[in-house]
Amino acid sequence: MSAKVRIKPHPTLVVRLFSGALSWRLHKRSLMVMVVVGFCLLLLALLSLTSGTYPVSLADLLLSLQGQGEEMVRMIVLEWRLPRILLSLLLGSALGMSGAIFQSLTRNPLGSPDIIGFTAGSYTGALVVILLLSGGYYQIALGALIGGVVTALVVYLLSMRHSLGGFRLIITGIGISAMLSAFNSWMIKAADLNVAMTAAVWGAGSLNGLGFEQLVPVAIIMLVLAPLLCLSSRAMKQLELGDDIARSSGISTGSTRLSLMVLGVALTAMVTATAGPIAFIALAAPQIARRLTCSAGVALLPSALTGALLLLSADWAAQHAFSIQLPVGIMTVSIGGLYFIWLLLREGHS
């Protein structure tokens, strides 16, 4: 007598927009995880708005958000704290999605802009503008974008000899990153002392002093890139199944990979131009989201929310966990280094 084994499919929701022109599947577990992470983001945002050297009560916070209450409280909440929180959410989301793109392309949890060298390339482009051209915010942003794109093309060309294999791309990127880091250090040491100090402080990765002037262009860029990422998510999932299956479904693997790399580099360059190089968020967020959702691969939206939560948490800790206020990049490097060691040991035993 044979026993029949019935495999219960994983519950999913199908979301369709524009009469089905744009649709995607969403696991119910992923939806639950995103709701929980979103709730944590809301609580942490409230904590960030009310805590600090000048504490703000919930009642005063609500009045300030309505444009009422004391002028001093409104300035602290609306002009100092709120833009910083919104930037943390947007930049953390950008890093999470960028990490998801590169880990999907390389099919390796070590495949992130920090490791592959694209962050170092963006930093190089920004440093050239700061140290040699004395450029402003938009010039620095353009320099970071150019530096990241050029680095991505170099890594891509050096890795494509035997197809864009994940391990080959990571090894190539590590080598390029090491050379760029050495070049960046040399530029800072050779520059004028005052300019070099400014570049070094900016290079630590910090949200200090950022406001609506930086928030507006970041929000505009995210509004442009987010639809492109949504349209590319299906092709990204197809590439994870292998080139042969992707080609059989009508996807041009070479151009799709290149377009995804450009989107990932654009996200990384935007973060670097705005707040300096912030390490390890792009590395950790997709893997944490993958383990929370129990999904087979990395996903953009859970990775974005996880990246936002990680950066907002790190920024709050950098402001309040010590007697002095630290750049958020130092906090992410300290925490991310432990995660990187754990990931290397885990990959070595797998």
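Author: Happy to. Rolling a probe the size of a water molecule over the atoms shows where empty space is left. Here the count comes to 2 cavities of 30 Å³ or more. A cavity is a set of points, on a 1 Å grid over the protein atoms alone, where a 1.4 Å probe fits but cannot get out. Points are joined across faces, edges and corners, and a volume is the space filled by probe spheres set on them.

Reader: Before we go on, what kind of model is this?

Author: This is a predicted model: local features need pLDDT of at least 70, side-chain atom pairs count only at pLDDT 80 or more, and totals for chains, interfaces and linings use all residues. Residues are numbered from 1 along each chain as its sequence is written, and side-chain values use heavy atoms, with hydrogens and water left out.

Reader: Which residues line the largest cavity?

Author: Lining residues have an atom within 4 Å of a grid point. For the largest cavity, with a volume of about 40 Å³, they are Val149, Ala152, Leu153, Leu258, Met261 and Val262. Helix H6 (137-159) and helix H11 (253-275) each supply at least two of the lining residues. Helices are DSSP runs (H or I, at least four residues), numbered from the N terminus. By class, this lining has 6 nonpolar, no polar and no charged residues. Ala, Val, Leu, Ile, Met, Phe, Trp, Tyr, Cys and Pro count as nonpolar, Asp, Glu, Lys and Arg as charged, and the others, Gly among them, as polar.

Reader: And how is the lining of the second largest cavity split by class?

Author: That one has 5 nonpolar, 4 polar and 1 charged residues, around about 30 Å³ of space. Helix H12 (281-293) gives the largest share, 4 residues. Helix H13 (300-320) also supplies at least two. Among the lining residues are Pro286, Arg290, Thr293 and Ser303.

Reader: What about spaces that are open?

Author: Those are pockets: open sets with protein on both sides within 12 Å along at least five of seven lines. The second largest pocket has a volume of about 420 Å³. Of its 21 lining residues, the closest to its centre are Trp80, Arg81, Arg84, Gln319 and Gln325. Helix H3 (71-106) gives the most to this lining, with 6 residues.

Reader: Now the packed parts. How many residues does the largest nonpolar core have?

Author: A nonpolar core is a set of buried Ala, Val, Leu, Ile, Met, Phe, Trp, Tyr and Cys residues joined through side-chain atoms within 4.5 Å. Buried means under 20% relative accessible area, exposed over 50%, partly exposed in between (1.4 Å probe, protein chains only). The largest core has 50 residues, and Leu91, Ile101, Phe118, Leu267 and Ile278 have the most contacts inside it. Apart from it lies another core, of 15 residues, among them Val129 and Ile188.

Reader: Is Phe280 buried or exposed?

Author: Buried, because its relative accessibility is 16%. Phe280 sits in the loop between H11 and H12. Most residues other than glycine have a negative phi. The phi of Phe280 is near 75°, a positive value.

Reader: How many disulfides are there?

Author: A disulfide is a covalent bond between the sulfur atoms of two cysteines. The search looks for pairs of cysteine sulfur atoms within 2.5 Å, and over the whole structure it finds 0. Cys230 is partly exposed, at 40% relative accessibility, while Cys294 is exposed, with a relative accessible area of 54%.
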